[in-house]
Structures are given as C-alpha cells and as structure tokens.
Amino acid sequence: MWINNKTRVLVQGITGEQGRYHTQQMLSDGTQIVAGVTPGKGGESVQGVPVFNTVGEAQSALGAKAAEWAIGFVPPAHAKSAALEALNTGLNIVVITEHVPVHDTLKVLQVAQEKNLHAIGPNCPGIIKPGQIKIGIMPASVFKPGRIGVVSRSGTLTYEVVSHLSGAGLGQSTCIGIGGDPIQLTSLSGALIGLQEDTATQAIVLIGEIGGSAEEQIAEELIGSTITKPVVAFLAGRNAPHGTTLGHAGAI
C-alpha cells in the first residue's frame, strides 16, 4: 500500500534536531533516504545523506534515483510552504509538524488532491510497513510484519495497540497515523480504502478518539460499502466538557 522497501524518501528540515534524529532512526529501520533539504545548508550531509537547498535541486541532482516521498520536520509557520514545494515537485508527503494552521492544511490538501498525490498529516506519526520502510517517527521495535492493517488518529494509541497485536502474534501489513488535527490530509475513509485495496492486508484495526464525527461517518460508510475486510474499531474517551477542545485523548 503506497510504499515499499524500494521507496525513496527525501527529508525536509533534515539539519534540525528532530530531522537529524529521525533520519537516523528511519535509516536504521530500512528506509531509503536519498536526500535532505534545508535552505542555506546545501552541500552538507546528515548521516551520509546529501543536503540540498531546495527540493527541485535535490530531485535534479538525483536524476533516475529521485525521491518519491517527502517527510517534513519544519516549524509550523513554514510547514505549508515546505509541503507545497514537495507536492509541486511531484512528491507524496508526510507532514509530522504539530500546530499547523487549519487554513494552511486546507491549502495543502487542495493541491494534493489536484495533483492526485498521497499526503499524510499534519501532526501525525507517519506511515510504516514493518520490516520494510518507515516514513515517520514510530518506535519500530513494537511493530512486526504481518497481515493486519492499522489506521489511527492517535500516535500513542497506535503504539499501544500495535504492541498488543505484536504480542499476540498478529503482525501488521501497513500502519497509518493520519493525525489528530481537525483537518487531515488523509481521512480515515481514505486510509481504509487504501487498506481494502492492499493485497497484503487481511483485516483492519481502526483507532479513533473523541472529538469530531469522523468515526460516526465511517460506521455509516461501512454499512453496505466496498470495505469487505473485517474492521475492528477502538475509540478512546467517552465525552468532552462542552466547549472544551481536548488534545490527544490517547495521551490523556
């Protein structure tokens, strides 16, 4: 589904503290990171990965080995411009950044849809195929290869549930953290359709939380829908005080 062990990845914001750390982690987990981008840092390298000033410069230099996905570790104020730069260069994207303004997310979503590219986030842990590739920040040690697809709004709940699945001998095919923001670049519905089409996935775990109506909409869509694989759902939290905005219910 969407990625495999041959997928080439570019890291935006690679020279920052988070970019450096998670680049090392992704490389250790088997991800093919072919380039990094930080404006003004071109010519440097991080963990042996060459750094360029722009995405276009990186893609041109890489030629036939150009990246197919980009993952962004950039401050909220620059997340939109970084995401749009990657999309306009033909890359699918993962936006890890938290506190991205909703209007910025909507603009990125619009461009991703226009270009028919995959986009995940913001404020998310990313996507992983255990034993093959990780484009994100998940602790790969709790994931095991298998046939269970996972889609989740909460990063922490993803790790918790996956740990139990792995402990029970139920490995995972693909796990997608779509993020907990009001607007997601990939919806629960979009992720479910991807897992339905994925031949490596036999059953699906959906992890939701209080806030919004996405889970209720998914339940309606599953009745008589094209999702024929078994879906097991866990929703964290029962209710929220009226007028109060909560963060990640999983963390609470």
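This is a predicted model: local features need pLDDT of at least 70, side-chain atom pairs count only at pLDDT 80 or more; totals for chains, interfaces and linings use all residues.
As background, most residues other than glycine have a negative phi, and most peptide bonds are trans. Now find P122. The loop that holds P122 runs between β7, residues 119-120, and β8, residues 126-129. The peptide bond joining G121 to P122 is cis, with omega at about -5°.

Next, which residues have a positive phi although they are not glycines? W2 is one of them, at about 70°, and H99 is another, at about 65°. W2 sits in the segment before β1, which spans 8-12. H99 is in a loop too, between β6 (92-95) and α4 (102-114).

Are these two buried or exposed? W2 has 28%, so we call W2 partly exposed. H99 comes out at 61%, so H99 counts as exposed.

Okay, on to strand β5, residues 69-72. Take a look at which way the residues point: W69 and I71 go one way, A70 and G72 go the other way, and all of them are buried.

What does β5 pair with? With β1, there are 4 bridges, in the parallel sense, and A70 in β5 has L10 opposite. With β6, there are also 4 bridges, and those strands run parallel as well. There, the residue opposite A70 is I93 in β6. To get from β5 to β6, the chain goes through helix α3, residues 76-88, and this β-α-β crossover is right-handed.

Last stop: S152. You'll find S152 in strand β10, residues 145-152. Its relative accessibility is 0%, and buried means under 20%, so S152 is buried. What does S152 touch, leaving out residues up to four places away in sequence? The list is T158, I176, G177, I178, G179 and I207. There's also something polar going on: a polar atom of the S152 side chain lies 2.8 Å from the backbone oxygen of S154.

Conventions: Residues are numbered from 1 along each chain as its sequence is written. Side-chain values use heavy atoms; hydrogens and water are left out. Helices (H or I, at least four residues) and strands (E, at least two) are DSSP runs, numbered from the N terminus. Buried means under 20% relative accessible area, exposed over 50%, partly exposed in between (1.4 Å probe, protein chains only). Two strands pair if DSSP finds at least two bridges between them. A crossover is right-handed if, with the strands pointing away from the viewer, the path from the first strand over the helix to the second runs clockwise. A polar contact is a pair of N or O atoms within 3.5 Å; within protein, one must be able to donate a hydrogen and the other to accept it, and residues adjacent in sequence count only if both atoms are side-chain atoms. Contact means heavy atoms within 4.5 Å.
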